[in-house]
Amino acid sequence: MLRGKLARRALLIATSATIATLAVTATGAPVRRYPAGTVVYRVPVSEPVVALTFDDGPRPPFTGAILDVLRDQGIVATFFLVGENAERYPELARRIVREGHAVGNHGWAHRALDALSTSAAHDEIGRGARAIREATGVQPRILRPPFGALDDRIRGRRGIAADHGQTLVMWSVETRDWAIRSPREVAVGTLRQVEPGAVVLLHDGGGNREHVVTATRWMVGHLARQGYRFVTVPQLLELAESGRRR
Ligand SMILES: [Zn+2]
């Protein structure tokens with residue numbers, strides 16, 4: 001009897017914990033293991049999951065074309081938006097969120113944070129986050145520093161990023177899609193580097209990204225056949241935190 005009660009209670013606790021976990025994931029808030037100011041490259045996980053990330057948008061027509069590919073495949077990704085682009089293309093920014101993807105902050109005007117004064121770095125991060133929130137209704141909790149440029153003023157629990165509640169998300173797979181124009185070359189080079197817990201850096205803005213659209217379609221198909229599952233960055237961080245299989 002007591003045993004039954006305990007079991008039911010344990011089930012109740014587990015259920016509320018699951019609901020709480022899902023709520024955190026849905027809002028995109030990073031988990032305790034990666035609080036604001038910490039820097040993430042790849043996440044230790046026990047299953048074949050991968051996070052595709054797209055920087056520098058939203059930018060027509062490429063962001064929309066990539067969203068079409070992701071929708072056709074039924075998968076989710078993460079878009080690190082440039083604030084001024086979100087302000088310029090709010091409908092595209094909203095579509096990203098509406099279709100279940102995560103949004104992160106990529107600064108207001110894509111400036112290298114380590115080259116800015118402390119007050120300008122605050123402004124770049126804060127204004128970027130505000131523009132994304134105003135366009136999408138979502139407060140970004142993850143920041144990808146433009147050019148991957150960081151210094152000790154930015155990172156750390158007491159750094160500038162932490163002041164804005166931002167976890168710093170770098171990447172573990174460099175696709176070089178900004179330099180390589182062949183979709184096949186981008187895809188082959190990327191597939192060679194992907195491993196469970198990988199964060200893949202791609203671009204939907206900042207220039208002509210037609211080859212990225214094609215490369216994404218190929219890569220996603222290949223990775224799915226290899227048994228990979230696609231998650232957003234907040235979901236990936238959550239998987240590392242819980243260590244649970246889903
Ligand atoms: Zn960028």
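Reply: P61 sits in the loop between β2 and α2. Helices (H or I, at least four residues) and strands (E, at least two) are DSSP runs, numbered from the N terminus. Residue numbers start from 1 along each chain, in the order its sequence is written. The model is predicted, so local features need pLDDT of at least 70, and side-chain atom pairs count only at pLDDT 80 or more, while totals for chains, interfaces and linings use all residues.

Start with the loop. The peptide bond from P60 to P61 is cis, and its omega is near 0°. P58 belongs to the loop between β2 (49-55) and α2 (62-73). The bond from G57 to P58 is cis too. Its omega is near -5°.

Now move on to the helix. α2 has twelve residues. From its first C-alpha to its last, α2 reaches 17 Å, close to the 16 Å expected at 1.5 Å a residue. The expected span is 1.5 Å times one less than the number of residues in the helix.

Next, look at what is covered. In α2, the residues F62, T63, I66, L67, V69 and L70 are buried. They lie on the same side of α2, because they cover an arc of only 160° around the axis. The arc is that of the directions from the helix axis to the C-beta atoms. A residue is buried if 20 or more other C-beta atoms lie within 10 Å of its own, exposed if 12 or fewer, and partly exposed in between; C-beta atoms are placed from the backbone.

What do the buried residues of α2 pack against? They pack against β2, α4 (90-98) and α8 (210-225). Just after α2 comes G74, with a positive phi of about 70°.

Two other residues take a positive phi without being glycine. F147 has a phi near 65°. F147 is in the loop between β5 (142-143) and α6 (160-163). F147 is partly exposed, because 13 other C-beta atoms lie within 10 Å. R176 has a phi of about 55°. R176 lies in the loop between β7 (173-174) and α7 (183-193). R176 is exposed, because 11 other C-beta atoms lie within 10 Å.

Finally, check the confidence. pLDDT is the predictor's confidence in each residue, from 0 to 100. The chain averages 89, and 85% of the residues score at least 70. Over residues 1-27, pLDDT stays under 50.

Note on methods
Two residues are in contact if their C-beta atoms, placed from the backbone, lie within 7 Å.
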